[in-house]
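Please look through the structure shown below with its charged side chains in mind. The paragraphs that follow go through several of their pairings.

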Amino acid sequence: MELWYTEQHTENVRFSIKVEKEIHTEQTEFQRIDVLEAKEFGKFFTLDGLMMVTEKDEFIYHDMIVHVPMATNPNIKKVLVIGAGDGGTIRELTRYKTIEKIDMVEIDERVVEVCKEYFPQTACKLDDPRVNIFFEDGLRFVRNKENEYDLIIVDSTDPFGPGEGLFTKEFYGNCYKALKEDGILVNQHESPYYDFHARAMKDAHKKIVGFFPVIRVYQAHIPTYPSGHWLFGFASKKYDPIKDLDADAWNKLGIKTKYYNTDLHVGCFALPNYVLEMLEN
Ligand code: SAM
């Protein structure tokens, strides 16, 4: 018997991975968690049937969501991370000795527990003494924060279910308020390729544009996400991710990465014309 995980990327497109083993399944208060194992991608987990993290390609997403803002402003000391229950974003952040405090707000404690058990590769730094984990809704958490963080990373699920509130004007406005005067906000920005995700991407972009003087979008190739072409949003009160990049300074830190490098940092902001048109419209 063959067992396959299949995710419907559009009504007419399906993405499948041959599964060796089903490891864990549960329905939490917020979502269904499935942990599976495959020859090609190693262990991976899905939330409500949608791909979150695979052992084989998680480095791409986590490198890009963390090192792009960190190389733009090396003085980042206080970070707020929203979502990110698998721990991959925290793992990359803790590699910077200069970071003093990381608050992580994850709505679903079970995601963290399951990842600690099955994904030590990503969850390995969740007990770093600089990390404080809050199990609550990120939308609510930022409401009463003001002038507190140098960087906010929104490492959330898609804009439906528990993640919906993290793609609203209210949330982006509160993130602006929660950031210091030179703060940076980075969020996972969906994919421009299939209509369904492109709509979510354009919608998120339109809502964020009004708040920040510097708005950029950058891209990465992530094989297990719909179409493989994924975007990140970079919104900032002061720093420009290209003009303010000090490549030599970042390279001197000696942080070894598998995807990110300072040439790619500049290149990832060069977007295809069809994406530029979507963002302009
Ligand atoms: N890399 C992943 C991706 O984009 O597919 C995201 C990974 S991480 C597992 C996303 C996390 O966001 C989930 O664990 C989910 O529980 C959490 N999340 C969703 N909505 C949230 C909210 N409103 N507040 C805090 N965390 C939330």
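**Salt bridges in the predicted model**

Glu58 and Arg91 join their side chains in a salt bridge, with an N to O distance of 2.9 Å, the term standing for a side-chain nitrogen of Lys or Arg within 4 Å of a carboxyl oxygen of Asp or Glu. Because Glu58 belongs to helix 1 (residues 58–72) and Arg91 to helix 2 (residues 88–93), the pair ties together parts that are 33 residues apart in sequence; helices here are DSSP runs of H or I with at least four residues, strands are runs of E with at least two, and both are numbered from the N terminus. Glu58 is buried at 5% relative accessibility, and Arg91 is buried at 12%, where buried means under 20% relative accessible area, exposed over 50%, and partly exposed in between (1.4 Å probe, protein chains only). Through salt bridges that share partners, Glu58, Arg91, Glu92 and Arg95 form one network.

This is a predicted model, in which local features need pLDDT of at least 70 and side-chain atom pairs count only at pLDDT 80 or more, while totals for chains, interfaces and linings use all residues. Residues are numbered from 1 along each chain as its sequence is written, and side-chain values use heavy atoms, with hydrogens and water left out.

A further salt bridge links Arg110 and Glu26 at 2.7 Å, N to O. Since Arg110 sits in helix 3 (residues 109–118) and Glu26 in strand 2 (residues 13–27), this pair ties together parts that are 84 residues apart in sequence. Arg110 is partly exposed, with a relative accessible area of 33%, whereas Glu26 is buried at 16%.

By the rule given above, the count comes to 15 salt bridges.
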